[in-house]
Amino acid sequence: MAQTLIQKLWDRHLVRSTPGEPDLLYVDLHLVHEVTSPQAFESLRLAGRRVRRPELAIATVDHNNPTRGGVEAADEISRKQMATLAENCEWAGIRLYGLGSRQQGIVHVIGPEQGLTHPGMLIVCGDSHTSTHGAFGTLAFGIGSSEVEHVLATQTLLQQRTKDMAVNIEGELPPGVVAKDVALGIIARLGVAAGAGHSVEYRGSTVRGLSMEGRMTLCNLTIEWGARAGMVAPDETTFAFLEGRRHAPQGALWQAALEDWRTLASDEGAVFDSEVEIDARELEPYVTWGTNPGQSVPVSGRVPEPHGETDERALRYMALKAGTAIQDIALDRVFIGSCTNSRLEDLRAAAEVVRGRKVHGRVRALVVPGSTPVKLAAEAEGLDRVFAEAGFEWRDAGCSMCLGMNPDILQPGERCASTSNRNFEGRQGAGGRTHLVSPPMAAAAAIAGHLVDVREFGLVPA
Amino acid sequence: MKKFETFSGVAAPLDKADVDTDQIIPKQFLRRIERSGFGPFLFFDWRKDPGFVLNQPAYAGSRVLITGPNFGCGSSREHAAWSLEDAGYRAVIAPSFGDIFRNNSLKIGLLPVHLPAEQVRALLDLAQEQPGVEATVDLEAQRVTMGDLSYRFQIDAHSRHCLLEGLDEIAQTLRLEPEIAAYEERRPAWLPTIPA
């Protein structure tokens, strides 16, 4: 019977399937970070259990580490959490890319970067943006700490099979419109809960045309419309990205893997539980105006009239009036970073806009590379100087102001254009106001001092 | 996990859609390495507003939260479920839940009760009209009762069984070791391994 990619990936990880019970799935790679793992390790130890397959896990510090000044800049409680991760990894025998490591970075950046994320895998992490790894044609989703403990103890996970949804995106992206805008456009159309209970396969010519970085951005934001897993079938773009990376297969194994990976596509005639069609030519650069990622409009638009209490509350929180032109919204801060948009391609796209210009006097702007390797590669091509000369702060790798667990936070009332993934109330700091945008849009906004259409800014080649 | 037993308690109405886990427990509390003690930080920022529903005396000590669709969307932080549980909640009633939040809740014995939107609406209205009204949640019978309202809810048989028996899922899975080991024999050789 014709199968979807989602079904194929699910089936190849089945350890056990019993009617009336959740499936038992085998986990190929478990990504571990400091925030959602300490309770899992503690509970494991208290039960007298061990980590079944420590060599199928990797750990890093990303959520609460400072992005300047190293570990000394962290407060005591953060230092303790990072030290606890180190102790737990030592106890369990799990490789840790801690602060100071040349491989350290945001967990969803370093997996692909190190060649650990292959097509056909099942990858989990105690972090909702684990969907990022789906860009490689792999089943990847976020789990809670109890499930982290289950994976540590058994290398498996109990899961109810999800429904599958196809998002078919066709057509060439207009100039100035990037993967982030595709994702925001999808969420604007479908709402923040449309994907609940589903895994998603992104298909179509637009998706095929995206780089791996773009596909990662698209899959990353899948959770923002409620689906735990988003994926793209692997193709030559995927294989070219992976070949030669540290943990990619080599020689005969590479050839064997390739042969297998080429079977990872939805079969002709495979039936999805639901399908959505998106015309890429209708997409524009998007800006969120509210407090969830579905509350967005094209940058050429205006803050909409509220429909219901959720919208009204969002407008009050964001201190915005319906009818205000998006480009009249002045900014205090700009953040370029996060597991959504902190890869080398994102930094290059932002630097292209910034080159030779100055950050507006009112704006404090921050670039936080997604990983130490991204940082070093960006510095090797001089991007750090482009940003620094324009007045951006150039920082060390981490999640940083995406969620403000470290010292990088918005002050109450501050307004920020951010390349991150969530504009929830208080997400970037209590009372802070977040407008989600793409990296080029964030860069342009930093220079203009307000939200601005990067296309009309004369920076993006038509 | 403790066995889930039928209980009655005050039902608090949080009449909002898309309540994300950042609101349930803000990030600054995620730096703690403990599993307990998150209750005082539940809805930390919203609680600063004296008018916030959970600040009303009538809802003090509430054990059931009635709320809007897509409750617990966003971040996977299990701290959200822990904070509700630590604050005394045993069940959350909503038309729908974020998938990860729902899973997390089930793992710790906090019951996500899924009811049709119109039934949740009726429960919300009743809890607002009669502040302090109690709800009874019976998982065995799959029924929520509040005043004159009584609704049967659906839950998958496995989750219900685990909650009622207070099962340790890891112990259950560890019994399947031979099947896990057999699967491991079949894994392709090119899959990555990372020595410590």
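A residue counts as buried when its relative accessible area is under 20%. In this predicted model, A:Ser338 sits well inside that cut-off, as its relative accessibility is 1% and it therefore counts as buried. A:Ser338 belongs to the loop that runs between strand S15 (333–336) and helix H12 (344–354) of chain A. Its backbone is worth a look too: phi of A:Ser338 is near 90°, a positive value in a residue other than glycine. Most residues other than glycine have a negative phi.

With a relative accessible area of 0%, A:Ser400 is buried.

Turning to the helices of chain A, A:Lys8 is part of helix H1 (residues 5–11). Although a lysine, A:Lys8 counts as buried, because its relative accessibility is 16%. A polar atom of the A:Lys8 side chain lies 2.7 Å from the backbone oxygen of A:Ala265. Beyond its neighbours within four places in sequence, A:Lys8 is in contact with A:Gln3, A:Thr263, A:Ala265 and A:Asp267.

A:Ser146, in helix H5 (residues 145–154) of chain A, leads over to the other chain. Leaving out residues up to four places away in sequence, A:Ser146 touches B:Arg35, B:Glu78, B:Lys107 and B:Ile108. A:Ser146 counts as buried, since its relative accessibility is 12%.

As for the interface as a whole, chain B and chain A bury about 5700 Å² between them, and 56% of that is on carbon and sulfur atoms. Of the area that chain B buries against chain A, B:Arg31, B:Trp190 and B:Ile194 supply 16%, more than any other three residues. The contact draws on 86 residues from chain A and 56 residues from chain B.

Polar and charged pairings also feature. Between the two chains there are 33 residue pairs in polar contact, both at pLDDT 80 or more, and nine salt bridges. One salt bridge joins the side chains of A:Arg52 and B:Glu184, at 2.7 Å from N to O. On the side of chain B that touches chain A, several helices each supply at least two residues, among them H2 (79–86), H3 (99–108) and H7 (177–186). H7(B) gives the most, with seven residues. The residues on this side of chain B comprise 22 nonpolar, eleven polar and 23 charged.

Definitions and conventions. Residues are numbered from 1 along each chain as its sequence is written. Chains are lettered from A and ligands numbered from 1 in the order in which they are written. This is a predicted model: local features need pLDDT of at least 70, side-chain atom pairs count only at pLDDT 80 or more; totals for chains, interfaces and linings use all residues. Side-chain values use heavy atoms; hydrogens and water are left out. Helices (H or I, at least four residues) and strands (E, at least two) are DSSP runs, numbered from the N terminus. Buried means under 20% relative accessible area, exposed over 50%, partly exposed in between (1.4 Å probe, protein chains only). A polar contact is a pair of N or O atoms within 3.5 Å; within protein, one must be able to donate a hydrogen and the other to accept it, and residues adjacent in sequence count only if both atoms are side-chain atoms. Contact means heavy atoms within 4.5 Å. Buried area is the accessible area (1.4 Å probe) that two parts lose on being put together, summed over both. A salt bridge is a side-chain nitrogen of Lys or Arg within 4 Å of a carboxyl oxygen of Asp or Glu. Ala, Val, Leu, Ile, Met, Phe, Trp, Tyr, Cys and Pro count as nonpolar, Asp, Glu, Lys and Arg as charged, and the others, Gly among them, as polar.
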